[in-house]
Amino acid sequence: RGDTPGGGIGGGAIGGTPPPPPPVASRRTAEAPSAPSLQRSLVSMKKVRGTIADWWGKFGFIDPAEPIDHPLAGRHGGKVYLAAEDVQEEIPGIGARVTFFVYSDSNGIGAMHVRPAADSPA
């Protein structure tokens, strides 16, 4: 899953009370991934809801609240790919509820304009 025994993403506590998990990601920085960008096509103008399922520092996956209706939706077991540069506001970590728009590219479907859901705890 990408998280460690302390409960946080990528960083656990060493004894005592674990610190709060670090944020999933923030806006793009000068150290953006070097992989070339793939051509994206917006799947729908409808905002989608989901939960952060996995996170590995620069990418992860979202479990959508409703299945995505797209031929490539099953490519990652129904999960939606999430890149750090597509996160627009800080997200608490794995388990956080988010909203996003779905795009498709040659690798499958992904999430863009990802933000915490309005009903997510701060």
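Biologist: How many residues sit between S2 and S3 in their hairpin?
Modeller: There are 3 residues between S2 and S3, and Gly57 in that turn has a positive phi of about 90 degrees. Strands here are DSSP runs of E with at least two residues, numbered from the N terminus, while helices are runs of H or I with at least four. This is a predicted model, where local features need pLDDT of at least 70, side-chain atom pairs count only at pLDDT 80 or more, and totals for chains, interfaces and linings use all residues. Residues are numbered from 1 along each chain as its sequence is written, and side-chain values use heavy atoms, with hydrogens and water left out.

Biologist: Okay, how many bridges join S2 to S3?
Modeller: S2 and S3 (residues 59-64) run antiparallel and are joined by 5 bridges. Two strands count as paired if DSSP finds at least two bridges between them. Asp54 has Phe61 as its bridge partner in S3, and Thr51 has Asp63.

Biologist: Which residue in S4 is the bridge partner of Phe61?
Modeller: That's Tyr81. S3 and S4 pair in the antiparallel sense, over 4 bridges.

Biologist: Back to S2. Why is it called largely enclosed?
Modeller: Because 6 of its 8 residues are buried, S2 is largely enclosed by the rest of the structure. Buried means under 20% relative accessible area, exposed means over 50%, and partly exposed is in between (1.4 Å probe, protein chains only). S2 also pairs with S5, antiparallel over 4 bridges, and there Arg49 stands opposite Thr99.

Biologist: What about the whole chain: how many helices and strands?
Modeller: The chain has 0 helices and 6 strands. It has 122 residues, and 34% of them count as buried. Of the contacts with a separation of 6 or more, 62% are between residues 24 or more positions apart. Contact means heavy atoms within 4.5 Å.

Biologist: Now S6. Do S5 and S6 pair in the parallel or the antiparallel sense?
Modeller: Antiparallel, over 7 bridges. A hairpin joins S5 to S6 through 2 residues, and Tyr103 has Gly110 in S6 as its bridge partner. S4 and S6, on the other hand, pair in the parallel sense over 2 bridges, with Leu82 standing opposite Ala111.

Biologist: Which residues touch the most other members of the largest nonpolar core?
Modeller: Ile62, Leu82, Phe100 and Val114 do, out of 18 residues in that core. The elements giving two or more residues to it are S2 (48-55), S4 (80-83), S5 (97-105) and S6 (108-116). A nonpolar core is a set of buried Ala, Val, Leu, Ile, Met, Phe, Trp, Tyr and Cys residues joined through side-chain atoms within 4.5 Å.

Biologist: And what is Val114 in contact with?
Modeller: Leaving aside neighbours within four places in sequence, its contacts include Ile62, Leu82, Asp86, Ile91 and Phe100.

Biologist: Asp86 came up there. Is Asp86 buried or exposed?
Modeller: Asp86 counts as buried, because its relative accessibility is 8%. Asp86 is found in the loop between S4 and S5. Not counting residues up to four places away in sequence, Asp86 touches Arg40, Tyr103, Ala111, Met112, His113 and Val114.

Biologist: What's the phi of His113?
Modeller: His113 has a positive phi of about 55 degrees, although it is not a glycine. His113 lies in strand S6 and counts as partly exposed, at 37% relative accessibility.

Biologist: And where is Ala117?
Modeller: Ala117 is in the segment after S6, and is buried, with a relative accessible area of 5%. Ala117 and Val48 are 69 residues apart in sequence and 9.9 Å apart in space, C-alpha to C-alpha. Beyond its neighbours within four places in sequence, Ala117 is in contact with Arg49, Arg97, Val98 and Thr99.
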